[in-house]
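This report walks through selected packing, pairing and backbone features of one model. Please keep the sequence and the structure in view while reading.

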Amino acid sequence: MSETISFPVGGMTCAACAARIEKVLNRQEGVSATVNFASERAQVAFENASSSIETVVAAVRRAGFSVDEQSLDLSLSGMTCAACAARIEKILNRQPSVQASVNFAAERAHINYIPGVVEPAFLIGKIEKAGFGATRLDEGTREDPKAKREAIWKRERNRFILTLVLSLPLFAEMIGMFFGRMIVPVLVQFLFATIVQFVCGAHLYRRAWNAVRGGSANMDVLVVLGTSIAWLFSAVVVVFGLHQHVYFEASASIITLISLGKLMETRAKNRTSAGIESLLQLQPQIAHVERDGVIVDRAVADMHVGDIFVVRPGESVPVDGEVLEGASEVNESMLTGESVPVLKEAGQDVFGGTMNANGALRVRATGVGADTALARIVKMVEQAQGSKANVQRLADRVSGIFVPAVIGIAVLTFLIGWAVTGSAVWSLVSAVSVLVIACPCSLGLATPTAIMVGTGRGAQSGILFRNADALERAEKLKTIIVDKTGTLTLGRPTVAAVHPAAGIPVDTLLGVAYALEHNSEHPLARAIVDYTQSNGVSASVAAEGFEAVPGKGVIARIDGQEARLGSPAFMQDSGLDLSSLPVAALESEGNTVIAVARAGEVLGIIALADELRTDAVTTVQALKARGIRVVMLTGDNERAASVVARQVGVDEYLAGVLPEHKAEGVAKYRAQGDLVGMVGDGINDAPALAAADVGFAIGAGSAVALDTADVVLMKSEMTGVLDAISLSSATLSKIRQNLFFAFIYNILGLPLAAFGMLNPIVAGAAMAMSSVSVVSNSLLLNRWKPSSRQA
């Protein structure tokens, strides 16, 4: 039976590319393919099972073309334990071209797929067929999960109240047992227990059936088996008038305690999302927008780039924008974690969600909807909270086989207990205890709840982790490579000295430098332009024919003559002599030296100095105190690099490294076997950040930083690196504690239950509290504070 799929192919530049891809695909066994260059799509028919979509996609990529993937985030419902999440993940990953990760704590699924091979509706249908609910989560429904969680909380609360009311008479009977009296008639017990079992517990049966129907087992299967056995045994005693003790109070109490535990777990899990929800609440819903010269209130969701809006004192900025008029202090703590207000004037940027203090601002919108810094931050945190750390995979594997193993232990408990004691009742009660106490929930919640709280707490402090792996690896770093300019230094160089060559006027030197640099956004170029302008110098003739030499300098023509500006090495490579100028002396003082030449003649040199960050020295010392090797990486010259390294206390450094070679420097240290972190400004350091085990982008709200770095430090301080490592350590500590509690609980509880040392009611209470204790322990991460706020 043949199957035909169609998917998009990128990278084709002509019909010959399409023909090449078609040829590559048709070489695959059992594949018949046609490629349409105009529509940029491949249509593939599989005649047999010898080839798959994965092999076809791999063949296209090996040929040098791309098959674009899309991502899909789903909000899930109906999961009761980690086994449910593992089942959904397994179902999704069985589909062609799909890579899915399901987070039980966040009740989310993150899916990468190839459109045309599968579609969102198909994947949602697969989840629903398995007995769970799934809805697409997009920008317009971001706040829906909060309302959904509140609805779940109310439902669980109402269910618990009803269950408790019906179970109270049975609890009274338990008290009467201590005095040898029957307080509640057995038929009344039978009636109330039956309602609790099959009305209040109906959702347990539905979910257990869905799990069994799908070929797996979850917590609900254990609970349903245990309570049903206890109820059925008691019902047989009542119906046939046998002289045996009934266990109606046990089955009803177990369901009541499970309902209470679920209620407490729901409340605790809701609190794990506090970090992301606090960010979402920062953006106002209404903006004061100018329309034909009149200020009108408009929904923020309806704003567009270019809209002019007004922010009054005490209001939050609705979207990202550029200040046109006015001056005010703005609290940007939602971005940086630093509550000190920042002065904003005309020409400066403001960000949606920040708080305006004492002045009115007239602003032009530059980023709305998903393009705001706040939206990017929220998206990044959500992705981190939905990702899995390596340490979680052990718990996932255990959870996947846990329920079947427990059912097997319960059967053995009953059979061996009956054979040894001769009491079927004792053996049955022990088997019920085994079924009830065993719950994989605590294992499933141990890692994701800690990650959710940790990443949320980090976001509130201006530390954004891209994924759980970055959060896990940060504490294990043994080497941290630090970029110099903009990381150890402020990245705002100023002109320290100007030395024209003999016979060259200063204005001539500065005029040529201005002509070559006035269109550049490089920090060194801006420093030179600002200095020349402040001294009343400008270019009389414009430069033409620019050619940039990355990491070295620029070449252009001024008034028909070739002009050069760049590093001393760049000039020497061009055959120009700088020996008469104090290059070495200036570099030995830590300056960056720029030389200027025109028509083959050196006009002079300009020395630039960049101030160290105030916290650079203390941060480097603190990192070294943690046993971390600190290495400085810079494109600057050897002498200037050695001065800065000595000032901040760095023992190792690599100087004269061009931007395209920074990643090679990172690879050199990774080859030594240790985990390596890279700290840069997130823009020109992007390749090095990507090459490191953990990339830290410091003080960067740019889209490049958010797309490249593993950790984005919104606060422009080196201490953010320490805080990120500290938070990673605190989070991993909670994960280890949670896993220990979860494993030790089951290791101790199951044998006690199997040997008849735990009453089913006690087992039910212990099971309910295990998940609550794990989530509550994760919530203690909210006590973590960045170093700047610690007392």
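Predicted model: local features only at pLDDT ≥ 70, side-chain atom pairs only at ≥ 80, totals over all residues.

Residues are numbered from 1 along each chain as its sequence is written, and side-chain values use heavy atoms, with hydrogens and water left out.

## Helix pair

Helices (H or I, at least four residues) and strands (E, at least two) are DSSP runs, numbered from the N terminus. Helix α7 spans residues 202-213, and helix α8 spans residues 219-240. They pack at an angle of about 120 degrees, and their axes are 8 Å apart. That angle makes α7 oblique to α8. Axes are lines fitted to C-alpha atoms, for helices over the stretch in contact, and angles run from 0 to 180 degrees between N-to-C directions. Angles under 35 degrees count as roughly parallel, over 145 as roughly antiparallel, 65 to 115 as roughly perpendicular, and the rest as oblique.

The crossing of α7 and α8 is left-handed. In that class the near helix is turned anticlockwise from the far one by less than a right angle; clockwise would be right-handed.

Which residues make the contact? From α7 come Leu204, Tyr205, Arg207, Ala208, Ala211 and Val212. From α8 come Asp220, Val221, Val223, Val224 and Ser228. Contact means heavy atoms within 4.5 Å. The contact residues of α7 and α8 divide into 8 nonpolar, 1 polar and 2 charged. Here Ala, Val, Leu, Ile, Met, Phe, Trp, Tyr, Cys and Pro count as nonpolar, Asp, Glu, Lys and Arg as charged, and the others, Gly among them, as polar.

## Salt bridges

Side chains of opposite charge can pair when their charged atoms come close. A salt bridge is a side-chain nitrogen of Lys or Arg within 4 Å of a carboxyl oxygen of Asp or Glu. The whole structure holds 13 salt bridges. The table lists some of them.

| Pair | N to O distance |
|---|---|
| Arg362 and Glu290 | 2.7 Å |
| Arg291 and Asp307 | 3.7 Å |
| Asp483 and Lys662 | 3.0 Å |

Arg362 forms a salt bridge with Glu290. The pair links distant parts of the chain, 72 residues apart: Arg362 is in strand β16 (residues 361-367) and Glu290 in strand β8 (residues 286-291). Arg362 is partly exposed at 24% relative accessible area. Glu290 is partly exposed too, at 23%. Buried means under 20% relative accessible area, exposed over 50%, and partly exposed in between (1.4 Å probe, protein chains only).

The side chains of Arg291 and Asp307 also meet in a salt bridge. Arg291 is in strand β8, and Asp307 is in the loop between β9 (294-299) and β10 (308-311), 16 residues apart. Arg291 is partly exposed at 31%, whereas Asp307 is buried at 12%.

Asp483 pairs with Lys662 in another salt bridge. Asp483 lies in strand β18 (residues 479-483) and Lys662 in helix α24 (residues 662-670), so the pair ties together parts that are 179 residues apart in sequence. Elsewhere, salt bridges with shared partners join Glu290, Glu325 and Arg362 into one network.

## Positive phi

Asp559 has phi near 55 degrees, a positive value in a residue other than glycine. Asp559 sits in the loop between β21 (553-558) and β22 (561-566). Asp559 is exposed, at 63% relative accessible area.

Ala599, also not a glycine, has a positive phi near 55 degrees. Ala599 is in the loop between β23 (592-598) and β24 (601-609). Ala599 is partly exposed at 49%.

Leu343 is in strand β13 (residues 342-344). Leu343 is partly exposed, with 46% relative accessible area. Beyond four places in sequence, Leu343 contacts Ser328, Glu329 and Gln348. Lys344 lies in strand β13 and is buried at 9%.

Met79 lies in the loop between β4 (70-77) and α3 (82-93). Met79 is buried, at 4%.
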